[in-house]
Amino acid sequence: MNKLLIMICAATLTACAQTPPAPASDPQATAETRALYRNLSRVTREGVLFGHQDDALYGHDWKYEEGRSDVKECCGDYPAVFGWELGGLETGAAQSIDQVPFAEIARLLCAAYGRGAVNTLSWHPQNPESGASAWDGKTTTAVASILPGGANHALYRTWLDRLAGFLGRLKAADGTPVPVLFRPFHEHTGTGFWWGEAQCTPDEFRALWRFTVGYLRDTKGLHNILYVYSPDLFRDAAHYMERYPGDEWVDVLGLDAYHRQQDWDFRSGGERMLSILQALGREHGKPTAFTETGLEGIPDAQWWTQWLLPVIRGKGLSYVLVWRNAHDRPTHFFGPWRGHASEDDFRAFAANGEQPVLFEGQLPDMYR
Ligand code: BMA
């Protein structure tokens, strides 16, 4: 090779090393967001990241105690993924639908980023037609009403403006925008929310998704977001993809599926769905995640090793996130807490050798 060629190759390699490929949803994603996107796939070689909703805010019997974490109190380390809820932000409220100040969410989210953890945001926006909660699924016109040309479209823009204000303020100490995994309009294969499959058509759902991504990215200029698609239980790959907005609008393929003993078999159903998800992830070239799961109240003391572990083992998931431990509802918890009967089993799950589970302190640098 001549000297010039060597120099070009070296420069190209350096450029590649510095700038990972952009995620599908945003060619202008920031360097840290690109790195997170790439590392979500890479990290699966080391293990699956463990996530917990609202972990840093409160736990089973405490709230707002700096540094506390139910997960850490059980296994000695913080979760690798922190979930946060934005419901209520769209109305301009200072607190979420779970009475958490958004300023606290922003502060603790940025602190988690500073320690190297990953952040994901869920959003339960109110019904734009009725003003009731996200769970008001009585009508079939709410989604159409917020699309361009709809009666509530201007209102929806103000919602996204507020969302963008929050997302744009997520900055590290040095001013770097903090990358987040945003997971809007989740569980849409269910019928529990006004954007569910009984409440809007596939075209309306896709239009809503694309408008939302386009508005946050192009109108609001946000480039620190990865978009996560997270249906509820699904029958087959066709059902999973029925309302998919397209590869250029989604970065991570997710699944929300709760263990509800009376409704379905978590073991066989979970294995089936996560295997399909793994195949879809390969086909579409995207990382996959078990974006919400858990057994409310964890009545089985060996739930972690006997139910969750067999279901996630070998599925190539980037992360698995269990839902929140409410501080004000004693039976509404999905994560471990010190003193609960499943605590020892959670430690065994955390340390298991079959399917390594990663916590914050075990993470590689996810942002480089
Ligand atoms: C639900 C429950 C609710 C909560 C909502 C948003 O699954 O935990 O209590 O308001 O998530 O966090």
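Is Asn224 buried or exposed? Asn224 is buried, at 2% relative accessibility, where buried means under 20% relative accessible area, exposed over 50% and partly exposed in between (1.4 Å probe, protein chains only). This is a predicted model, in which local features need pLDDT of at least 70 and side-chain atom pairs count only at pLDDT 80 or more, while totals for chains, interfaces and linings use all residues. Residues are numbered from 1 along each chain as its sequence is written, and side-chain values use heavy atoms, with hydrogens and water left out.

**The ligand and its surroundings**

- The ligand sits in the largest pocket.
- A pocket here is an open set of points on a 1 Å grid over the protein atoms alone, where a 1.4 Å probe fits, with protein on both sides within 12 Å along at least five of seven lines; a molecule sits in a pocket if more than half of its atoms lie within 2 Å of its grid points.
- Around the ligand you will find Glu85, Ile97, Asp98, His124, Trp135, Trp323, Arg324, Arg329 and His332, each with a heavy atom within 4 Å of it.
- The side chain of Arg324 has an N or O atom 2.8 Å from an oxygen atom of the ligand, and for the side chain of Arg329 the distance from a ligand oxygen atom to an N or O atom is 2.8 Å.
- His332 places a polar side-chain atom 2.7 Å from an oxygen atom of the ligand.
- Taken alone, the ligand exposes 310 Å², and the protein buries 81% of that (Shrake-Rupley method, 1.4 Å probe).

**Asn224 in its loop**

- Asn224 belongs to the loop between α7 (202-219) and β7 (225-229); helices (H or I, at least four residues) and strands (E, at least two) are DSSP runs, numbered from the N terminus.
- Its contacts, leaving aside neighbours within four places in sequence, are Thr30, Thr33, Leu167, Pro177, Val178, Pro179 and Val180, where contact means heavy atoms within 4.5 Å.
- A polar atom of the Asn224 side chain lies 3.0 Å from the backbone oxygen of Val178.

**Thr139, a partly exposed loop residue**

- Thr139 is in the loop between β5 (118-122) and α5 (142-146), and its relative accessibility of 32% makes it partly exposed.
- Not counting residues up to four places away in sequence, Thr139 touches Asn127, Glu129 and Gln199.
- The side chains of Thr139 and Glu129 are joined by a polar contact of 2.9 Å (a pair of N or O atoms within 3.5 Å; within protein, one must be able to donate a hydrogen and the other to accept it, and residues adjacent in sequence count only if both atoms are side-chain atoms).
- Thr139 and Trp194 are 55 residues apart in sequence, with 7.3 Å between their C-alpha atoms.

**Two helix residues**

- Ala237 is in helix α8 (residues 237-241) and is partly exposed, at 32% relative accessibility.
- Beyond four places in sequence, Ala237 touches Ile276 and Leu280; its C-alpha atom is 8.6 Å from that of Met273, 36 residues away along the chain.
- His284 is in helix α9 (residues 266-284) and is buried, with a relative accessible area of 19%.
- Leaving aside neighbours within four places in sequence, His284 is in contact with Met241, Tyr244 and Asp247.

**Positive phi values**

- Phe185, in the loop between β6 (180-183) and α7, has a positive phi near 45 degrees and is buried, with a relative accessible area of 1%.
- Ile298, in the loop between β9 (288-293) and α10 (303-312), has a positive phi near 35 degrees and is buried, at 2%.

Terms used: On a 1 Å grid over the protein atoms alone, a cavity is a set of points where a 1.4 Å probe fits but cannot get out, and a pocket is an open set with protein on both sides within 12 Å along at least five of seven lines; lining residues have an atom within 4 Å of a point.
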